[in-house]
Amino acid sequence: MPDIKITPLGAGQDVGRSCILLSMGGKNIMLDCGMHMGYNDERRFPDFTFISPEGPITPYIDCVIISHFHLDHCGALPYMSEMVGYTGPIYTTHPTKAIAPILLEDMKKVSVEKKGDQNFFTSQMIKDCMKKVIAVTLHQSVMVDNDLEIKAYYAGHVLGAAMFWIRVGSQSVVYTGDYNMTPDRHLGAAWIDKCRPDLLITESTYATTIRDSKRCRERDFLKKVHECIDRGGKVLIPVFALGRAQELCILLETYWERMNFKVPVYFALGLTEKANNYYKMFITWTNQKIRKTFVQRNMFDFKHIKPFDRQYIDNPGPMVVFATPGMLHAGLSLQIFKKWAPNENNMVILPEFCVQGTVGHKILNGAKKIEFENRQIVEVKMSVEYMSFSAHADPKGIMQLIQYCEPSNVMLVHGEAAKMEFLKNKIKQEFNIECYNPANGETCVISTPVKIPIDVSLPLLKNEAKKFNALPPDPKRRRILHGVLVMKDNSTCLMDVEDACKEAGINRHVIRFTSTVHLHDPGPSLGTAHKLHALMKDKLPQWSLTFTDGAISVESVLVKVEGEDDDQKSVFVSWTNQDEDLGSYILGLLNSMGQ
Amino acid sequence: MKLYCLSNDPNKPCHVLTFREITLMLDCGLSMQSVLNFLPLSFVSSNRLLNLPIWMPNDVSDTDLEGELRENGDRIFIDSPPEFCPPLDKLIDFSQVDVILISNYLCMMALPFITEGTGFQGRVYATEPTLQIGRLLLEELVTYVEQCPKTNFATQWKNFVHKLPYPLSDSFKPKSWKQIYNMTSVNASLSRIQMVGYNEKIDVYGALQVLCTSSGYNLGSSNWIITSDHEKIVYLSGSSTLTTHPRPMDHHALKNADVLIMTDLTQTPISNPDSMLGLLCVVVSLTLRGGGNALIPCYPSGVIYDLFECLSIKMQDLGVQNCPMFFISPVADMSLAYSNILAEWLSSAKQNRVYVPDEPFPHAVLLRNSKLKHFKHIYSDGFSTDFQEPCVVFCGHPSLRFGDVVQFIELWGNNPRNCIVFTEPDFDYIEALAPYQPIQMKVAHCAIDTSLNFTQANKLIKDLKPATLVVPECYTQPPVSAPNLTELVIENSPDRTLIPYKWGEVINLPLKRKQGQIFIENDVAQKIVPVEVKPGVSLSSVTGALNVKDNVHNMKSCGNTALECKLQPKEIRYEWGTLNVTEFLQKLSQEGIVDAKVEPIGNGVMIHLQDEDALIQIEDNCTHVLCNSDEKIRMQLRNILMQCLKKF
């Protein structure tokens with residue numbers, strides 16, 4: 001049995017730096033190449049020495065697939081391709097190819113300029129890396145080489161997010177990246193057909209979180225924002241430039257319009273303005289409703305939301321500010337947080353998933369004092385709210401996806417170990433299939449059944465079908481195909497024995513047996529033959545018997561009665577060696593009748 | 001495999017292909033040549049058209065016919081809402097069509113005629129731009145016709161076609177002509193389309209796989225590849241090897257087909273699209289410089305995007321950049337908006353602009369700068385305030401029989417400073433202008449057809465190496481317009497079979513399936529024991545349980561059989577070669593059978609075993625064992641025989 005080997009270098013029982021190595025049919029594929037936001041040391045990137053202790057990894061990897069533009073899925077790409085060394089193809093969707101370099105550039109700035117990080121990739125490296133990226137469209141079947149085929153499916157989650165189906169020979173794997181199974185304000189729901197992969201590698205961020213209805217969460221969010229500005233407080237919403245930001249903007253825009261609010265809503269300049277442009281041009285990747293109405297009104301032209309300027313931080317009075325990055329680990333959002341945190345009237349709403357080690361993660365866990373590198377201590381008196389707008393599939397969604405694509409095995413990644421255990425058991429119980437959740441660096445081996453395609457001569461197939469269709473329908477009856485495989489001049493074809501002998505240029509040697517049974521049965525021989533026919537019909541209900549000229553035949557077996565009008569009849573039973581079982585059974589039948 | 005040809009216009013193709021019990025329709029183009037015989041539809045009642053003299057055939061006094069025909073110059077026109085010539089519905093029952101494949105948005109205008117009210121239940125596949133832009137074309141057409149309702153429907157003239165002058169007398173099947181569909185049919189029909197991407201493999205009932213690749217002709221245009229396990233059929237419709245805005249043509253996947261069906265070649269075989277584009281820009285710019293207006297009848301998508309781009313540059317060069325361009329169509333806003341969100345379907349140069357992010361087409365900038373303005377109709381709000389002369393107006397319909405272009409000809413036709421520039425190749429411009437004659441405005445003919453010309457097509461065929469090539473018959477003869485240009489044909493070659501077809505014909509395609517494919521599972525594969533019967537030739541008998549689902553054949557090991565079918569053979573082996581009689585006799589005596597009497601008969605020998613009451617008849621290719629009902633002796637003989645013969 002051939003195997004599929006999977007080793008997560010990141011995202012194994014963890015969220016962050018997604019990077020999964022997949023080997024099947026002699027091909028090695030890297031699924032995502034992300035960075036970990038929670039670390040500043042070498043742990044932020046996947047451990048590429050696993051692939052090759054030193055030197056470039058091009059010889060060991062056939063292709064890299066990037067599921068979407070979030071940095072925990074693509075953040076290590078320039079490092080991998082330009083610093084470790086990889087010159088092979090990198091596949092992703094058009095929106096991801098467009099947006100990823102912007103986010104990478106943004107992160108590079110934060111890491112190098114703010115944190116003074118050395119040994120980080122440069123802008124030029126991002127550009128060079130992007131030249132290796134090949135954009136694919138949804139459902140397009142891409143042959144990476146003669147044996148390796150990939151196909152992208154819509155994943156929701158963020159603009160341009162895709163799940164990938166990967167096939168080598170008869171083996172196939174689906175990697176979901178991050179996805180959501182319910183449409184949100186600007187994206188559709190993930191979709192996949194019944195592709196029956198050998199393995200489904202799915203994210204499991206919300207392995208146990210049952211999300212309440214979307215509408216409730218939205219109402220909750222608006223209520224909290226409303227209450228805060230009513231008491232004169234400032235609302236900080238740390239977001240990533242693309243994704244949740246646009247969805248929340250649409251939400252606030254419509255609320256402001258309806259309530260006729262005058263309180264300013266700001267958007268941190270730079271990235272986000274451009275970001276909305278991407279949304280306008282990749283509108284085919286958004287949901288049905290936005291696509292339908294975009295000609296009349298582009299949802300991403302916001303009336304109430306204005307660009308933010310740093311000096312507004314100290315402005316008096318209420319305001320709502322969207323600022324990057326979403327986990328409060330650096331940049332403008334952190335700067336605003338430091339200023340606003342000590343005031344209990346203010347509020348921070350964290351709509352993004354915050355990885356361990358970030359300020360976002362700390363305050364969500366109730367930290368009331370945050371200490372920064374320069375010994376600066378910030379007291380957190382503002383209210384801290386977590387809003388799960390992050391578009392991941394919940395357990396129901398994950399189960400739904402499994403049901404859609406019917407995999408033979410499931411692997412959970414991109415989640416916490418304890419929660420994975422729960423979901424794993426649920427999957428095993430409900431679908432009766434194997435489920436894995438390897439840790440980083442741990443290799444999982446899954447053996448898959450083989451299916452070998454072979455050519456078959458049409459007459460052989462047609463004869464079988466004709467024979468099968470001639471019999472009365474019976475769901476229990478099995479169809480048996482029998483033929484001879486001819487292997488000649490590198491071609492292989494299954495055909496019937498006569499054609500096979502002709503093709504091979506040899507003569508068959510047919511052995512036929514004829515045995516005689518004597519029966520005591522007065523009357524005409526035709527009467528005896530009828531009796532025998534009735535008996536055989538009774539004993540061989542699954543077979544098609546023919547009765548012509550007093551002779552009964554089934555397959556190659558022929559039964560004939562002789563001895564006209566004698567009391568004693570001679571019954572000849574004749575068959576070829578290939579029908580030995582059937583022939584000897586019928587002979588036995590007649591013998592027992594004679595006694 | 002059969003091919004049915006349902007359209008008489010190779011540029012508005014409609015075929016049906018039957019293969020492996022699947023009925024596929026390839027394109028459903030709508031021939032619109034018929035509309036040229038009708039009077040233009042004007043939404044402001046035109047005195048000139050209303051007062052055209054009524055025409056009657058000389059010897060006919062049928063009063064029902066009176067008023068149906070009117071005369072202008074030497075031409076006769078039908079005074080009735082325009083009628084269209086849908087694909088032939090006699091050869092094939094549309095309810096039996098399983099799948100419709102659409103190549104590009106210009107080849108789907110007959111879709112509502114095929115899918116609505118015919119019992120059609122199949123699937124329709126097209127790319128996203130084909131669907132979106134096709135929708136615009138269909139909606140525009142319906143709007144144009146519906147906005148000018150006519151009370152009188154002329155029908156009697158069809159009974160007198162033989163008495164009418166040319167070209168009406170030559171009308172193609174006028175009794176099958178139909179009024180245009182309505183918006184409800186359009187919506188119902190389009191809702192059947194399933195969007196596909198380039199190179200997306202689509203399974204058709206397990207029997208066939210279809211896949212579309214970029215054809216480079218217009219946004220989302222495609223060629224289709226239809227494959228079964230061993231056969232490959234390529235359907236090549238509107239394709240272009242020129243570099244314009246769409247994704248370039250993908251040749252690779254089209255190679256080495258068993259059958260290549262090629263249609264929709266250029267309608268302007270003599271002219272070069274690039275020089276026509278250049279000429280158009282010059283003509284328009286000079287007209288503007290002379291204070292005249294330029295009217296460009298066009299479809300609301302396609303070459304028009306390239307025109308905006310090139311013309312604005314040329315106007316700049318010639319100092320008339322301040323003259324506005326107006327794009328007037330009920331779907332102008334949609335067309336411009338869609339063009340800028342379909343980046344994935346564009347040439348890489350246009351695609352790369354999106355990564356910046358800039359709009360892929362420069363007309364987005366022209367719109368922002370108000371150099372290009374779009375309106376739904378000539379009477380739309382704001383048009384009269386924005387309207388300034390001289391200007392360029394792009395509007396439909398290219399047939400000049402309906403749409404806002406009718407009003408613009410009325411408005412500008414009498415001024416020789418104005419110019420009408422024909423760019424769409426679908427209609428003969430002299431025919432198109434006939435009901436407006438005499439007119440004073442200048443007429444320029446710059447038809448731009450980017451689809452393959454004969455030189456490109458012949459080169460492509462050489463490259464693709466099909467075994468059989470199927471083309472409309474008219475492509476095997478020089479064009480009617482240029483009978484001396486014998487190079488304007490699809491060349492015949494001994495390397496392939498060339499099959500021409502005509503409208504209404506059913507062609508048997510020489511593709512005989514000989515092999516299919518089955519999948520064998522591991523347990524079956526492991527039981528395969530190849531026996532080398534000759535150097536390089538091995539045989540192995542294979543038996544397995546067959547499972548057929550959705551036309552896919554799977555074979556697995558028979559395993560444990562249920563009681564009732566225990567007699568079904570689990571393994572069958574075959575004996576081959578000749579039986580060595582001496583060896584056989586030796587083995588018999590080793591087993592204690594010593595009374596064998598051998599006598600030669602015919603081609604072989606007969607061995608008589610007296611004691612055992614058995615006869616063995618041996619020939620080169622067969623052995624017959626006759627005995628009484630004693631199984632013991634038979635089994636013994638069988639074993640010995642098997643030892644003496646080779647098996648596979």
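Between chain A and chain B of this predicted model, 41 residue pairs are in polar contact, counting pairs in which both residues are at pLDDT 80 or more. On the side of chain A that touches chain B, the element giving the most is strand β24 (residues 479-488), with ten residues. That side of chain A divides into 43 nonpolar, 23 polar and 17 charged residues. The points below describe the contact between the chains, the strands that pair across it, the domains, and some details of the backbone.

**The contact between the chains**

- Chain A brings 83 residues to the contact, and chain B brings 88 residues.
- The size of an interface is often expressed as the accessible area that is lost when the parts come together.
- Here chain A and chain B bury about 7,500 Å² between them, and 58% of this area is on carbon and sulfur atoms.
- Within chain A, the residues that lose the most area to chain B are Met281(A), Arg478(A) and His509(A), which together account for 11% of what that side buries.
- Four salt bridges are counted between chain A and chain B.
- Glu149(A) forms a salt bridge with Lys201(B), and the closest N and O atoms of this pair are 2.8 Å apart.

**Strands that pair across the contact**

- Strand β24 of chain A pairs with strand β25 (residues 537-549) of chain B in the antiparallel sense, over ten bridges.
- Within this pairing, Leu485(A) has Ser540(B) of β25(B) as its bridge partner.
- Strand β26 (residues 510-520) of chain A pairs in the parallel sense with strand β31 (residues 622-628) of chain B, over seven bridges.
- Strand β26(A) is also joined by nine bridges to strand β30 (residues 568-576) of chain A, and these two strands run antiparallel.

**Domains of the two chains**

- Chain A is divided into domain 1 (3-210 + 391-447), domain 2 (214-386), domain 3 (455-504) and domain 4 (512-594).
- In chain A, the C-alpha centres of domain 2 and domain 4 lie 89 Å apart.
- For chain B, the domain assignment gives domain 1 (2-266 + 451-508), domain 2 (273-445), domain 3 (518-565) and domain 4 (575-647).
- In chain B, a distance of 48 Å separates the C-alpha centres of domain 1 and domain 3.

**Details of the backbone**

- In chain B, Val356(B) and Pro357(B) are joined by a cis peptide bond, with omega about 0 degrees.
- Pro357(B) is located in the loop between α8 (348-354) and α9 (363-368) of chain B.
- The peptide bond from Gln437(B) to Pro438(B) is also cis, and its omega is near -5 degrees.
- The loop that holds Pro438(B) lies between α12 (429-433) and β19 (442-445) of chain B.
- In chain A, Glu406(A) is not a glycine, yet this residue has a positive phi of about 50 degrees.
- Glu406(A) is placed in the loop between α11 (395-405) and β20 (409-413) of chain A.

Note on methods. Residues are numbered from 1 along each chain as its sequence is written. Chains are lettered from A and ligands numbered from 1 in the order in which they are written. This is a predicted model: local features need pLDDT of at least 70, side-chain atom pairs count only at pLDDT 80 or more; totals for chains, interfaces and linings use all residues. Side-chain values use heavy atoms; hydrogens and water are left out. Contact means heavy atoms within 4.5 Å. Buried area is the accessible area (1.4 Å probe) that two parts lose on being put together, summed over both. A salt bridge is a side-chain nitrogen of Lys or Arg within 4 Å of a carboxyl oxygen of Asp or Glu. A polar contact is a pair of N or O atoms within 3.5 Å; within protein, one must be able to donate a hydrogen and the other to accept it, and residues adjacent in sequence count only if both atoms are side-chain atoms. Helices (H or I, at least four residues) and strands (E, at least two) are DSSP runs, numbered from the N terminus. Ala, Val, Leu, Ile, Met, Phe, Trp, Tyr, Cys and Pro count as nonpolar, Asp, Glu, Lys and Arg as charged, and the others, Gly among them, as polar. Two strands pair if DSSP finds at least two bridges between them. Domain bounds come from an automatic or database domain assignment.
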